[in-house]
Amino acid sequence: MEATSDALSWDSTPSMPPSAVRAAKDITFGSIAGMVSKVFEHPFDLTKVRLQSQVLDTTARFNGPIDCLVKTWKNEGVRGLYRGLPAPIVAAMLENASLFMSYSELQNVIRRINSQPLSHDLSLPQLALAGAGAGAITSFLLTPVELVKCKMQVQMIAPKPLSVSIPESTVAATLDSSLGPVSRPLPGPIAVLMSVIRTEGIRGLWLGQTGTLIRECGGGAAWFATKEFVGTTLIKRRGSELTRKDIVPWESALSGACAGGIFNFSMFPADSIKSTMQTEEDLRPRGSNAPKPTFLGTAKAMYRAQGVKGLYAGCGITVARSIPSSAIIFLIYDGLSSRFG
């Protein structure tokens, strides 16, 4: 058994410097954790986006998260609940790999600035700062992927095919406002991506970047700081001499669950505005000459339409799914880190 353990050890490769090994582990472990959690949470994320995207509609398509899930199931089936899944899978892998790698590296930067050894445990404010920096870096990777995801998630409720040229001869029927079944072809993630590039240029892929930046920067600080605080508190209950590395699975899951709830609730309005901006042209097309939606302008429009309630449309189901999802992420990440060093 010892030979097998050595063969699986990342650190047994002498040609790789320790920092590269650590980065490779963060990328791999974060990607696996993100992928598994996204498969679990995607139907709830789809519900959230659809509820957020109807805030500016004169007539709501759905009466709440349960109504949205039921109508999606009845009209689109299981495939509908997982519509647009490839993009979120990629996003989750990118997000968690980038978050965990950046978080580790920024902690080391803080230690170097303060002339502290790399083994030194940072204070909670320092960990929050590293988390905020990791979120800011990750936001630039996430926005294009989330743009494609959001556009795909509203395909079946859009009044027309989503900004992608589809020959009329291939369209069997159009979608009416009652969400009746349709047989028209729907563009996939690559088609949606290329359509955005053709119509808006490369820059168009970062529509909603301000919202993503605010969400990930503030959320990253809250997510990591909450996980570290709750995790450390639980560990210290077992013994004051124990460190963060001594965390056990149920402590990882519980602290991760708390972190997920805090992240999503605290930063939800920014995410609502971002989703509304990214689906505006598909659900409420204004023409090519109309000015593009802005973060502040969209926020004002949503507030005028439904007040604070509009900024938190879909918040309940988002927080509910983020609790087990975040627990899964940290359970897997901490478990792989403990197993493989």
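Visitor: What makes up the lining of the second largest pocket?

Guide: Eight nonpolar, seven polar and seven charged residues; Asp, Glu, Lys and Arg count as charged, Ala, Val, Leu, Ile, Met, Phe, Trp, Tyr, Cys and Pro as nonpolar, the others as polar. The model is predicted, with local features needing pLDDT of at least 70 and side-chain atom pairs 80 or more, while totals for chains, interfaces and linings use all residues. Numbering starts from 1 along each chain, and side-chain values use heavy atoms, without hydrogens and water.

Visitor: Why is this called a pocket and not a cavity?

Guide: Because its points form an open set on a 1 Å grid, with protein on both sides within 12 Å along at least five of seven lines, whereas in a cavity a 1.4 Å probe cannot get out. The volume of the second largest pocket is about 550 Å³. T199, E200, L207, E281 and K292 are the closest to its centre among 22 lining residues (an atom within 4 Å of a point). At least two lining residues come from each of α5, α6 and α9.

Visitor: What is the volume of the largest pocket, and which residues are closest to its centre?

Guide: About 1,300 Å³. Of its 40 lining residues, R22, S104, Q107, K245 and Y333 are the closest to the centre. α4 gives the largest share of this lining, eight residues. The lining divides into 14 nonpolar, 14 polar and 12 charged residues.

Visitor: How many helices and strands are in the chain?

Guide: There are 11 helices and zero strands, counting DSSP runs of H or I with at least four residues, or E with at least two.

Methods:
Points joined across faces, edges and corners; volume = space filled by probe spheres on them.
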